[in-house]
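Me: I would like to learn how to read a model of this kind with some care, taking one feature after another. Could you go through it with me?

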Amino acid sequence: MSDSTAGHGPGEHEPGHDLAAGGGETQAAEGAARRRVIGTPSPARSRMLLAETAAGSTAGLPEVREPELPADPQDMDDAKRAERIVAACFVLAMLAGFGFIAAYLIFQVHTVTGTWHSNLALGLTMGLSFGFMGIGATIWVRRVMPHVDQVEMRHPLRSDPEAREAFAETFADGTAASQFVKRPILRRTLIAATVPVAVAPIVLLRDLGPLPGTVLDHTVWRKGMRLLTYGANTPIRPADFSSPGGMITVVPDGFQDDFNALAKAAVIIIKFAPGEVVYTTRSAPADGFTVQNWTVDNIVAYSKICPHVGCPAALYEQTTHHILCPCHQSTFDATRGAKVIFGPATRPLPQLPMTVDAEGFLVAKSDFTEPVGPSFWERGNSS
Amino acid sequence: MSIDKALSGTGGWLDDRFHGAKGIRTFFRKIFPDHWTFMLGEIALYTFVILLLTGTFLALFFKPSMGDVVYHGSYLKLHGVHMSEAYASTLNISFDVRGGLLMRQIHHWAADLFVAAIFAHMIRIFFVGAYRKPREVNWLIGIVLFTLALLEGLFGYSLPDDLLSGAGLRITQGVLQSIPVVGTYLSFFLFGGEYPGTDIIPRMYILHVLLIPGLFLALIGAHLFIMFHQKHTQMPGKGVTNENVIGAPMFPYFMAKTGAFFFFTFAATALASTFAQINPIWLYGPYNPLAISAGSQPDFYMGFLEGSLRMMPAWQWVVFGHTFAFNVFIPALVPLGIVMTGAALWPFIEQWVTGDKREHHVNDRPRNAPTRTALGMAMIAFYGVLWLEGANDVLADHFDVPLYTITEIARVAVFAVPIVAYIVTKRICLGLQRQDVHLLEHGVEMGIIRQLPNGEFIEETRPLDEEELAKIARPEPVALPAGQSAADGEEAVPAPGMRGGLGRVKARLNKIVTESVPMNGHGTNGHGPNGHGEPTEHEPAAISAGSDDSGSERH
């Protein structure tokens with residue numbers, strides 16, 4: 001600590017110094033102390049009070065006399081009043097503290113109302129208990145304890161030249177004795193030996209997860225897989241839509257509860273009025289978007305997973321046919337191949353090829369024809 | 001005198017074994033300066049203690065598992081619902097453990113307060129220049145602590161596995177996956193495969209309760225030790241010099257005050273948790289990758305990243321079959337990178353530009369470092385625009401403004417507002433400096449009008465007292481080497497450090513960074529607001545406390 005730094009203040013004996021100084025303190029780094037007999041008190045001072053250096057740079061500061069701190073507050077009457085207030089605070093804190101224990105025993109949980117009452121009672125008693133302790137202690141310091149303004153000197157953090165030189169010598173001697181510099185073969189083989197030690201922990205983390213492979217390119221949708229309404233898990237016939245309207249979330253049959261599958265395979269379907277959907281083909285994209293003729297009876301299926309960072313694009317405005325992702329407000333035009341019309345998403349929501357099976361239920365024609373969800377390095381130009 | 005006896009008995013026993021008498025006495029007599037802003041760091045420290053205490057309690061009941069269970073606990077509305085064990089155990093903590101809800105809420109409030117206090121503490125340190133030599137290392141440790149706090153908070157609020165935090169986790173995964181080259185691998189390794197998998201909660205849990213808190217403990221320990229060893233900075237005032245510390249000793253004053261402050265902090269979080277509900281996860285429901293609620297907002301300290309993602313235009317490159325998702329990784333990494341890297345480098349840039357390698361223990365008043373203060377305000381404005389944009393949906397809703405309009409404004413504002421903030425702040429600082437100079441030269445107006453014998457009315461003034469003088473005093477700026485070699489009417493020969501392109505950059509930056517209103521009404525014309533004059537004329541223009549230049553009484 002800074003107390004072993006030399007180069008400040010004249011050494012005057014501090015009260016209590018002798019008590020500690022006998023115990024073999026060796027401040028070898030001190031220039032002055034180097035010549036002194038080990039075991040005698042150091043001439044270095046741990047700090048100086050203003051009163052002892054009043055002639056120096058700290059002129060004009062209030063005098064501090066020995067003993068170090070005044071024994072009594074300056075304003076005894078005020079301290080007396082404050083004492084009562086502090087004691088009252090501590091009594092209140094104690095009462096609130098016992099109140100906390102009582103509240104724990106009295107208020108039972110296991111119901112919403114019970115938990116609410118318990119929380120109120122416990123929190124209030126706890127807050128009051130700690131609050132009164134804080135208020136009491138603060139008034140104690142400010143009004144009962146004597147007011148003091150003391151000065152402690154700072155010492156330059158830089159060690160004095162002798163100490164630095166001595167350190168440099170010690171270090172040089174140690175380095176020489178270790179032979180580290182003189183024997184390069186030792187040095188180099190040691191460094192070589194630590195290389196695998198540094199790499200091994202990283203290697204050890206390899207089994208944290210599988211390699212990505214191409215799994216991000218596909219979902220669980222397969223040809224003929226039924227679209228089930230999410231939650232009810234019922235298959236859907238185009239005729240179930242009595243009129244154009246809202247957006248329905250659907251899941252692949254057989255994966256209703258598989259979060260890993262659904263995190264990519266969730267789909268929204270929207271029924272439009274005839275003529276509302278604008279079709280193009282992949283070979284002749286118009287206006288930067290594509291809607292394949294994968295719709296059934298003006299029902300279109302899009303991935304629900306936002307191509308920005310993967311939130312569910314869950315908000316649909318019927319009047320404008322806009323699909324909005326609530327996370328970062330990427331907005332997609334559902335009538336035009338879910339083309340991005342605002343926000344940070346760079347791609348439309350992928351469309352799920354769809355048809356009906358023999359029983360007239362909506363089924364997938366195939367998997368999505370491009371990766372769904374957020375961009376990734378290996379995704380490439382597949383949109 | 002039984003206290004004395006008990007103390008000497010125990011103390012003697014300990015000193016026999018640890019030789020502590022001298023060291024502890026030094027510790028007890030250490031002087032702590034006082035200023036209300038010094039308590040910001042203390043709030044951070046004490047909320048950390050509260051987090052350790054409440055977090056330990058929560059860990060006794062929390063089950064960090066993504067195993068599927070059907071809920072049959074006390075919250076009837078979720079009866080029979082499939083959910084992860086993590087979510088179910090969080091419901092149990094809330095409704096079936098006495099004091100569990102209170103501990104959860106205190107933990108959450110304390111976490112928010114922790115980050116807020118760190119943020120405020122850093123701003124304080126920056127604006128008063130308390131990061132300057134010899135405290136650069138502590139500044140860097142602080143930046144690491146701040147970054148860790150953001151990460152720790154993100155992991156913490158993701159642990160209950162509710163619908164809201166799940167959305168945050170999904171965004172985190174999407175961002176991770178977007179990082180060029182390694183992103184997909186990072187995501188697969190962190191999540192143990194595809195999102196969401198079943199590994200992420202237990203993994204975040206161990207990071208949240210062991211690894212990051214361990215780093216916190218080590219770094220906070222180092223932070224406090226360095227602060228203690230180097231002694232606290234102090235605000236300018238009467239008798240304050242670069243060589244002393246004025247205040248009250250550790251024992252009993254600081255110990256009692258800081259102990260009281262711990263109780264205040266704890267009381268504040270406890271009362272907030274009593275009356276202000278936070279993170280009612282039972283209302284959000286268990287996580288489900290298909291569902292989300294409108295108006296999803298992260299905890300406040302993640303808001304700036306959210307806003308950054310929201311305002312970014314849809315830019316992306318596909319090069320040789322590889323995707324550069326600029327729309328994701330730029331907003332996720334660049335703003336944080338600018339703020340953190342800028343903050344980390346600033347002390348060293350400032351040292352290089354000003355040539356000031358001295359130790360600084362007396363803080364600057366923010367007005368006395370106009371450029372630094374202006375830069376700080378620009379940074380805060382940058383952060384603030386990002387943060388507001390992170391709540392653009394809430395703003396649109398409350399103020400009935402079109403959502404897209406807010407985003408479009410934010411895209412401009414994120415560049416414009418920091419520049420405006422810089423200029424305005426600098427003007428204000430220089431104006432305040434002029435006011436100081438005015439006070440120094442003319443004294444304080446007393447509000448007393450007197451009529452002189454010749455009929456003239458004057459207002460009486462009094463000279464500044466010692467305390468006021470000490471407050472407005474400025475430390476002497478350091479002159480760059482070139483300053484000594486400039487001569488009137490002749491071409492200056494640059495000093496060795498000022499030659500070449502880098503030297504000219506340094507000289508130019510120096511002119512900007514050291515711009516100040518001259519204190520004695522002379523000199524420093526090189527720093528004038530108009531920027532005329534040689535950058536090499538750096539005449540020390542400041543006064544120090546108690547200099548002869550106290551204001552005249554009346555004019």
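Reply: Let us begin with chain A, whose secondary structure comes to six helices and eleven strands; helices (H or I, at least four residues) and strands (E, at least two) are DSSP runs, numbered from the N terminus. This is a predicted model, in which local features need pLDDT of at least 70 and side-chain atom pairs count only at pLDDT 80 or more, while totals for chains, interfaces and linings use all residues. Residues are numbered from 1 along each chain as its sequence is written, and chains are lettered from A and ligands numbered from 1 in the order in which they are written.

Me: How many residues of chain A are in contact with chain B?

Reply: Two residues are in contact if their C-beta atoms, placed from the backbone, lie within 7 Å. Here 87 residues of chain A are in contact with 93 residues of chain B. Among the elements of chain A that each supply at least two residues to this side are α1 (17-21), α3 (112-144) and β1 (150-153), and α3(A) gives the most, with 18 residues.

Me: Which strand of chain B does β1(A) pair with?

Reply: Two strands pair if DSSP finds at least two bridges between them. In this model β1(A) pairs with strand β4 (residues 244-249) of chain B in the antiparallel sense, over four bridges, and Met153(A) has Asn244(B) as its bridge partner in β4(B).

Me: At what angle do α6 and α13 of chain B cross?

Reply: Axes are lines fitted to C-alpha atoms, for helices over the stretch in contact, and angles run from 0 to 180 degrees between N-to-C directions. Helix α6 (residues 136-158) and helix α13 (residues 326-354) of chain B have axes that come within 9 Å and cross at roughly 170 degrees. Angles under 35 degrees count as roughly parallel, over 145 as roughly antiparallel, 65 to 115 as roughly perpendicular and the rest as oblique, and α6(B) and α13(B) are therefore roughly antiparallel to each other. Where they meet, the residues of α6(B) include Trp139(B) and Leu140(B), and those of α13(B) include Met340(B) and Pro347(B).

Me: Where in chain B does pLDDT stay under 50?

Reply: pLDDT is the predictor's confidence in each residue, from 0 to 100. Its mean for chain B is 88, and 90% of the residues reach 70 or more, but pLDDT stays under 50 over residues 483-487 and also over residues 521-555, for which the model has 82 contacts beyond four places in sequence. Where pLDDT is low, the predicted coordinates should not be read in detail.
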